[in-house]
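I opened my notebook to look up strand pairing, salt bridges and a surface patch. My entries follow.

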Amino acid sequence: MPTSRPAAIILAAGKGTRMKSRKPKVMHEIANRPMIGHVMAALKPLCCDPVVLVVAPGMEAVAEAAHPAQVAIQREQLGTGHAVTAARAALKGVSGDLLVLYGDTPFIATATLEAMLKRRHEADDPAVVVLGFRPEEPGFYGRLVLNTTGGLDAIVEARDATPPQRAITLCNSGVMAFDAERVLPLLKELRNDNAKGEYYLTDLVALARARGWSCAVVEAPVEELMGVNSRADLAVAEQAYQRRARAAAMEGGATLLEPESVYFSHDTALGQDVVVGPHVYFGPGVTIENDVEIKGFCHIEGARIAAGARIGPFARLRPGAAIGPDVHIGNFVEVKNARLGPGAKANHLTYIGDAEIGGGTNIGAGTITVNYDGFSKSRTVVGANASIGSNTSLVAPVTIGARAIVGAGSVITENVPADAMAIARGRQVNLSGRAQSFRAQRGKAKGRAKPAGKAGKKAGTKRKPGKG
């Protein structure tokens, strides 16, 4: 195994014209993370130094998404060998292992990269290790030509392959591990006398073999090397990710009542004995502790849910929602940037935004924290074991003390002390008999209105039976 940290290059200069998009291909998301973010996540455990991102001019968004990677600009797209050459300046002083990956191959696993580095340091000391796979349809993939001892002799592009070479099923993924000290100097020997007129990085294998250096292959599952070149590919990749995420959630101790309808983000974390109903969407930044029930049709993003809580159905938890132990959030309740203490309840038709709700407090149906005045947002604080009546508006900034009671239909604009009862609504007036006189007046007014007659007849003229 290597004793020093490897370096890495991520090739991400492709514009992805088949995506028909104004943003770079590698910025399209799978499970709410750009593809380049998935590749960076796979590299992170390896502690690569440096990581060099090769992009085209104008791809600042890609550089930002791959921070803190160093950035190299490939001003013309003249092939993979040319792209790695663009990164040479950023690799000054690198003499150990060098990985080359692709920003549009988001599912490569850390374990696979570790296997490639391990193979680089085996007894035959390969100068190049290539990651291979065996797709059902080799098609236009480059073929890996092995020698009698199982070593790699050459990589032949499909367009340049002979019929026997095209019959080979072991294909090139493009991902490689090099001995930088030996291989990087060979970049200047790459030629573009091929069917596409490009500088192929794969030709380094032939150049290394010509010097008597061994080259090797490590195989990986097809699913791990799925490339994304179109919107259709993106949809297939999303489905593949979701299948794995659902399987991992159930393997980890969660129950998914209708797995195929649940959507996970790349960082969704579920505890054990969590039950998730159908059609639940987990956006980025969701952590759910043990023994939580998420009923159907909930949308949860940027939220933390403590053990024993019950959410939904049809609830929405927005970023900053912190749901305490045994809290109940019911149907058509929205929570944003708010913390609910242990055992608090908001069972239906409520908006809780920019708020602190004490443990044991009950929030009645139709309650609204009025947190925005058109210019700034203010906070509502409700103490423990308070009771907020239905159809109440809490106009922030406002504080409701512990054990206070707010009468239904109130509009609260001032603080309510602990143990106080607050009622803030218009006084009811009953006018005896007024409903009867109101109906009579409306009936007379309706009778005075002349019905619209038909053209050519006097309005209100009665027609004889049987006559048209």
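**Entry on strands.** I looked up Val55 and found it opposite Ile73 in strand S5. The chain goes from S4 through helix H2 (residues 60-65) to S5, and this β-α-β crossover is right-handed. I noted the rule: right-handed means that, with the strands pointing away from the viewer, the path from the first strand over the helix to the second runs clockwise. S4 covers residues 51-55 and S5 residues 70-73, and they pair in the parallel sense over 4 bridges. Pairing requires at least two bridges found by DSSP between the strands. Helices (H or I, at least four residues) and strands (E, at least two) are DSSP runs, numbered from the N terminus.

**Entry on the model.** I am reading a predicted model, where local features need pLDDT of at least 70, side-chain atom pairs count only at pLDDT 80 or more, and totals for chains, interfaces and linings use all residues. Residues are numbered from 1 along each chain as its sequence is written, and side-chain values use heavy atoms, with hydrogens and water left out.

**Entry on salt bridges.** How many salt bridges does the structure hold? I found 19. Each is a side-chain nitrogen of Lys or Arg within 4 Å of a carboxyl oxygen of Asp or Glu.

I checked Arg403 and Asp419, whose side chains meet in a salt bridge at 2.8 Å, N to O. Arg403 sits in the loop between strands S30 (398-400) and S31 (405-406), and Asp419 in the loop between S32 (411-412) and S33 (421-422); the two are 16 residues apart. Salt bridges that share partners join Asp97, Arg120, Asp125, Asp179 and Arg182 into one network. Within it, Arg120 and Asp125 meet at 3.5 Å, N to O.

Is Arg120 buried or exposed? Arg120 counts as buried because its relative accessibility is 5%. The cut-offs are under 20% for buried, over 50% for exposed and partly exposed in between (1.4 Å probe, protein chains only). Asp125 is partly exposed at 37%.

Next I took Arg316 and Glu334, with their closest N and O atoms 3.8 Å apart in a salt bridge. Arg316 lies in strand S21 (residues 316-317) and Glu334 in strand S23 (residues 328-340), so this pair ties together parts that are 18 residues apart in sequence.

I found a nonpolar surface patch of about 420 Å², made by Phe297, Phe314, Phe332 and Leu349. Patch residues have over 30% relative accessible area and no salt bridge; like charges are joined within 9 Å, nonpolar side chains (Val, Leu, Ile, Met, Phe, Trp, Tyr) within 5 Å. Areas come from the Shrake-Rupley method with a 1.4 Å probe; for residues, only the protein chains shown count as cover. Phe297 is partly exposed at 45%.
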